[in-house]
Amino acid sequence: MNTLKFSTSVLTVTAGLVMGTSINQVVIAEEVVAEAITQPVVTNEVIATSITPEKTETPPQPGSFSYSAGDLLAKRPLDLDIFCKSYPLNSRCSELSTPSKPQMEESKPQPEESKPTEEASQTPVKTSGWAVTPEISTLGVGATVTKSITPNVNAKLGINGLGIDTDIDESGVNYNANLNLFNVSTLVDYHPWKNLGFRLTGGLVFQDNNLEGTAKPTDGRKIQIGNTEYDTTTQLQSVKTKVSFPNSVAPFIGIGWGNVVKPGKRWSFSVNSGIMFAGSPKVEMTPIGANPLLLNQIQADIEKERKQLEDDLNWLNIYPVFSVGVSYQF
């Protein structure tokens, strides 16, 4: 009987411990869930302190269990790394995480401080896409205004003009002439490669170029028209001559180098080369002080001379254009 009672007592105590442990664990679990929803900071403190070992006021008595299920859990070692991952707001975790933050904050400003300096050095000059180019050309002295349309296409408007005196000797006759150049060009530049300066140019040139002057004999007394010589005192004093181009609107094609409206670039140098289809030059010759008795013969000889002069100037039907200039972009 004593053996049966002792066994019954052991089973009773064991069942009590198991039930006590279950009840404590349920209570702890309920406290964690309930307080984690409403007060996360308080929950972390409760759990952290509940794990800390507590001293029992009553020493253990022989033949009895002195620790509850909560005391058994409290003796488990606390791993702060694992604990702080689950409860980072707990006060015991602030000491563990605080030292690492300044290091990360100190390392961040270094690349950020270097960025403004690099970006400032690489910032291109702001330009408007408008440029003016003073230039010297076979069309005269003038300037061209260029506007960027697309990264590959520019539009240009130019004005050139010049007036000079020149002497031309032809068949013993000296032509003291005035060269008058006036051209307004409307052109388009196309850059096949926008990073290179090479370009193709095409458009129209509104021109009024002519050569005017008076023909006088080279020896001072006689003037030769064709194969006939005329005395300048009694037969023919001089011949007035004008050379002009028939195409007042002349097509133009050419090539060049330099993009005067390239973004971020103020100053540039440009070179242009091309041809203007001005047409075969037309020559007008008018006798001055001609003897009326010799007028028909003089006019016939002048006509021969006129044709000869047109043949000699026929190469100008494709008028060569060459220009150089220095550009400034606003």
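This is a predicted model: local features need pLDDT of at least 70, side-chain atom pairs count only at pLDDT 80 or more; totals for chains, interfaces and linings use all residues.
Reader: Which residues have the most contacts inside the largest nonpolar core?

Author: In soluble globular proteins, nonpolar side chains tend to be buried together. Here the largest nonpolar core has 28 residues, and those with the most contacts inside it are Ile225, Leu236, Val239, Met276 and Tyr319. Several elements each supply at least two residues of this core, including strand S4 (173-190), helix H8 (295-312) and strand S13 (318-329). S4 gives the most, with 4 residues.

Reader: What does Tyr319 touch, leaving out residues up to four places away in sequence?

Author: Tyr319 touches Thr138, Leu139, Leu181, Phe245, Gly274, Ile275 and Met276.

Reader: How do the residues lining the second largest pocket divide by class?

Author: The lining has 11 nonpolar, 3 polar and no charged residues. Strand S3 gives the largest share of it, 3 residues. The space in this pocket is about 230 Å³.

Reader: How many cavities of 30 Å³ or more does the structure hold?

Author: A cavity is a space where a probe fits but cannot get out. The structure holds 2 of 30 Å³ or more. Glu135, Lys156, Leu187, Asn272 and Ser323 lie nearest its centre.

Reader: What is the volume of the second largest cavity?

Author: About 80 Å³. S6 gives the most to its lining, with 4 residues.

Key:
Residues are numbered from 1 along each chain as its sequence is written. Side-chain values use heavy atoms; hydrogens and water are left out. A nonpolar core is a set of buried Ala, Val, Leu, Ile, Met, Phe, Trp, Tyr and Cys residues joined through side-chain atoms within 4.5 Å. Buried means under 20% relative accessible area, exposed over 50%, partly exposed in between (1.4 Å probe, protein chains only). Contact means heavy atoms within 4.5 Å. On a 1 Å grid over the protein atoms alone, a cavity is a set of points where a 1.4 Å probe fits but cannot get out, and a pocket is an open set with protein on both sides within 12 Å along at least five of seven lines; lining residues have an atom within 4 Å of a point. Grid points are joined across faces, edges and corners, and a volume is the space filled by probe spheres set on the points. Ala, Val, Leu, Ile, Met, Phe, Trp, Tyr, Cys and Pro count as nonpolar, Asp, Glu, Lys and Arg as charged, and the others, Gly among them, as polar.
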